[in-house]
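Good morning, and thank you for making time for this presentation. Please take a look at the sequence and the structure before we go through them together.

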Amino acid sequence: MILVFCELKEGQLRKPSAEALSEGRRLADASGKKLGALFAGASCTGATEAAKYGADLILTAEAPTLASYSSDAYATVLADAVKAKGATVLMAAATAEGKDVIPRAAARLGAGYASDVTGLSMVDGKLQAVRPVYAGKAFATTTFATPVQVATTRPNVFPAAEKPGPGIVESLPAPTGDFKSMVKEILAKASGKVDLSEANIIVSGGRGMKDGANFKILEELADAIGGVVGASRAAVDAGWGLPHSMQVGQTGKVVSPTLYIACGISGAIQHIAGMSGSKFIVAINKDPEAPIFKLASYGIVGDLFEVVPELTKAAKALGIGSR
Amino acid sequence: MKILVTLKQVPDTETKIKVAADGRSLDPADVKWITSPYDEYALEEAIRIKERIGAEVIALSVGGDAVKDVLKNALALGADSAVLLRGEGQSDAFGVAQMIAAYVRDKGFDLILCGNMGIGGDNAAMGPMLAELLGVAQANVIVKLEIGDGTFRAEREIEGGSEIVEGALPAVISAQKGLNEPRYASLKGIMAAKKKTIEEIEAAPVTPGARISALALPPQRPAGRKLEGEPAAQASSLLQALKDEAKVF
C-alpha cells in the first residue's frame with residue numbers, strides 16, 4: 001500500500017494534500033498497489049473527500065488528544081498505520097506539518113526519506129524521487145536503500161487530478177499518554193492570505209523598491225491579480241521592516257508559482273535559486289543588463305514605480321482579479 | 001545546562017553548481033565552503049542561552065578535516081568545545097542523524113540545536129530524525145525560543161503565521177532565520193579558540209536511508225521576450241500575453 005498523510009483545514013482537504021494523494025494514486029496504479037489516505041485530529045470530518053482523489057482506504061485516527069498537533073503523537077499515528085497496513089511507501093505534502101512529522105515517522109520506521117520532491121516514480125516496486133537541491137540549482141535523482149520509502153511532495157508541482165476511488169473509511173486507534181511536545185497556540189498573520197510556498201501568483205520586490213513602504217504598490221498589484229507579495233534577501237535584510245517569512249531565495253522560501261513577477265530584483269544567484277521553478281517569470285527592472293532578464297518569460301525594462309501601478313490599473317480594467 | 005549545536009559545512013549560496021564526473025555529486029572545484037546559515041542561528045542561540053542562564057556549549061560537525069574550519073569558527077564565536085565526528089557528512093540525513101544520535105546518547109545533553117535545514121542538501125530532515133532516534137521532543141523552524149525549568153516554549157513558522165510549541169527537555173530544536181542576529185567572532189574569541197582543541201571521534205556505522213544516484217542541472221528556460229513601449233503600453237501587453245499566451249488568468 002501507498003499511504004498518504006493528509007491534512008484538513010476547517011474540515012476541507014488541503015490542496016497540497018490533494019496533490020500528494022493524486023500523485024499517490026498515479027504511483028499506486030503504476031505499481032499495482034492500493035492507496036490509503038491517513039488523517040489525524042480531534043475530528044476527521046471531511047476526510048471522505050480523499051475518495052475524490054482515488055483513495056481506496058481512508059484511515060482516521062480521531063481523539064481529543066490529537067486536537068493540537070504534536071510531532072511525536074502524530075509520528076506515532078503515521079508509523080503505526082504504515083506497520084498495521086504493511087505500507088511500503090509513506091507520503092505527505094511538504095507543508096509545515098508534513099515536513100515536521102514525516103522525517104520523524106521515517107526515522108521510527110528506519111526508512112530513507114526524500115523531502116520536497118518534484119517528481120516520483122516506481123522502479124522495480126520501489127519509490128524513486130527527483131528533488132531540487134541547492135535550492136533548485138540542480139536536481140537529484142534519489143533512490144532508497146530501505147524496505148519502506150518516505151517522501152514529501154512540493155506544493156504546486158503535482159496536479160490534484162480527481163479520480164474517484166472507493167474510499168472505505170476505517171478508524172485507527174489514537175495514541176495516548178504524555179506527548180513530548182504539543183502546539184499550544186496558533187498565531188495567524190492578519191492578512192489571512194495563502195503562504196508564499198502555496199501561492200499561485202507571487203509579486204516580489206527587491207532592492208529596487210527603495211523602501212519597505214513602497215511595497216504597498218506590490219500589495220495593490222497582488223490584490224488585483226489574486227497574488228501574494230514576496231521579497232528578495234536584499235530587501236529583507238535592508239532594514240525596511242519586512243519579515244523574513246516574505247523572503248524568497250536559497251535562505252528563504254523556495255517557491256514554484258504559476259506566475260512570478262520580480263520587481264526591482266536584479267537576480268542574484270541566491271534569489272534565482274528560490275524562484276526559478278516558477279512556470280512564468282516576469283521581470284520589471286530599470287537595468288536592461290540585470291541577470292533576472294535571462295530567466296524572464298516576459299521582460300519590462302522600465303521604472304517599476306511607473307509600470308507596477310499601470311499593471312494594477314490594467315488588471316482592474318480587464319477584471320482579472322474578479323475571476 | 002548542556003547544549004549541543006550541530007553544524008553542517010555547505011557550499012556558499014553564491015556557488016555556481018557544476019556536476020562532477022561521477023554524474024551524481026557536486027564538482028568541488030571553485031566551491032567556497034561555509035557553515036550552513038541556519039546553523040549559525042542555532043549556534044548564536046546556544047551562546048545567548050549560555051550568556052543568559054549559563055550553559056556548556058559543544059559544537060559538533062560530521063565530515064573530514066575540512067569541517068574543522070566550521071568548528072574553529074564555532075569555538076571563536078563562543079562554543080566551549082568542539083567534536084569532529086569522522087564520517088560522511090554530506091550523505092543522507094538519516095545516516096547523519098544516526099551518527100549524531102550514537103554520539104549524543106548518554107552524554108546528558110539538555111538541548112540540541114541545529115539549523116532547520118542544511119542549505120544545498122535542502123532535506124530539512126536531520127533534526128526531526130535525530131529527535132526520534134533519541135526519543136526526545138522536537139520543534140522545528142523556530143523563530144523564538146524560551147527555556148524553562150526542564151521545558152521549552154518555541155514559536156515556529158507555519159503557513160500564514162506561526163504556532164507556539166511547548167515541550168519537555170531534552171529536545172532537538174531547529175532554527176529559522178529571524179531567531180536572532182548572529183554575532184561576528186571577536187579577536188579575543190579567535191585567540192581563545194586557538195587554545196581549544198577539537199575532539200575527533202570515528203562516527204558509528206549507519207544504516208543508509210536514501211542516496212543520490214544522479215545529479216543534473218535544471219533544463220534551460222525557454223527564451224523570453226521584452227515588452228516595449230510606454231509603461232501603460234508595456235503593462236497592457238504584459239497582461240494580454242499572460243492571458244492569451246501563458247493562460248495564467
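Into which domains is chain A divided? Chain A has domain 1, spanning 2-172, and domain 2, spanning 196-318. Please bear in mind that this is a predicted model.

Let me begin with the two domains of chain A. Their C-alpha centres lie 32 Å apart. The contact involves 10 residues from domain 1 of chain A and 13 residues from domain 2 of chain A. Together, these domains bury about 870 Å², with 42% of that area on carbon and sulfur atoms. On the side of domain 1 of chain A, A:Ala135, A:Lys137 and A:Asn156 lose the most area to domain 2 of chain A, and together they account for 59% of what that side buries.

A:Glu198 and A:Arg14 meet through their side chains in a salt bridge, at 2.5 Å from N to O. There are also 4 residue pairs in polar contact across the interface of domain 1 and domain 2 of chain A. The residues of domain 1 of chain A that touch domain 2 of chain A comprise 5 nonpolar, 2 polar and 3 charged.

I now turn to chain B. Its domain assignment gives domain 1 (2-202) and domain 2 (225-249), and the C-alpha centres of these two domains of chain B lie 46 Å apart.

How many residues of chain B are in contact with chain A? The number is 76, and they meet 85 residues of chain A. The area buried between chain B and chain A is about 6,700 Å², and carbon and sulfur atoms give 58% of it. In chain B, the residues that lose the most area to chain A are B:Glu159, B:Lys177 and B:Arg221, together 11% of what that side buries.

Between chain B and chain A there are 7 salt bridges, and 42 residue pairs are in polar contact. The side chains of A:Lys253 and B:Glu157 form a salt bridge at 3.9 Å, N to O. Several elements of chain B each supply at least two residues to the side that touches chain A, among them helix H1 (37-53), strand S12 (210-216) and helix H6 (231-244). The largest share of that side, 10 residues, comes from H6(B). By type, the residues of chain B that touch chain A divide into 40 nonpolar, 18 polar and 18 charged.

Finally, I draw your attention to a strand pairing between the chains. Strand S10 of chain A, residues 138-144, runs antiparallel to S12(B), and 6 bridges join them. Within this pairing, A:Ala140 has B:Leu215 as its bridge partner.

Technical notes. Residues numbered from 1 in each chain as written. Chains lettered and ligands numbered in written order. Predicted model: local features only at pLDDT ≥ 70, side-chain atom pairs only at ≥ 80, totals over all residues. Heavy atoms only, no water. Domains from an automatic or database assignment. Contact = heavy atoms within 4.5 Å. Buried area = accessible area lost by both parts, 1.4 Å probe. Salt bridge = Lys/Arg side-chain N within 4 Å of Asp/Glu carboxyl O. Polar contact = N/O pair within 3.5 Å; in protein donor to acceptor, adjacent residues only side chain to side chain. Nonpolar A, V, L, I, M, F, W, Y, C, P; charged D, E, K, R; others polar. Helix = DSSP H or I, 4+ residues; strand = E, 2+ residues; numbered from the N terminus. Pairing = 2+ DSSP bridges.
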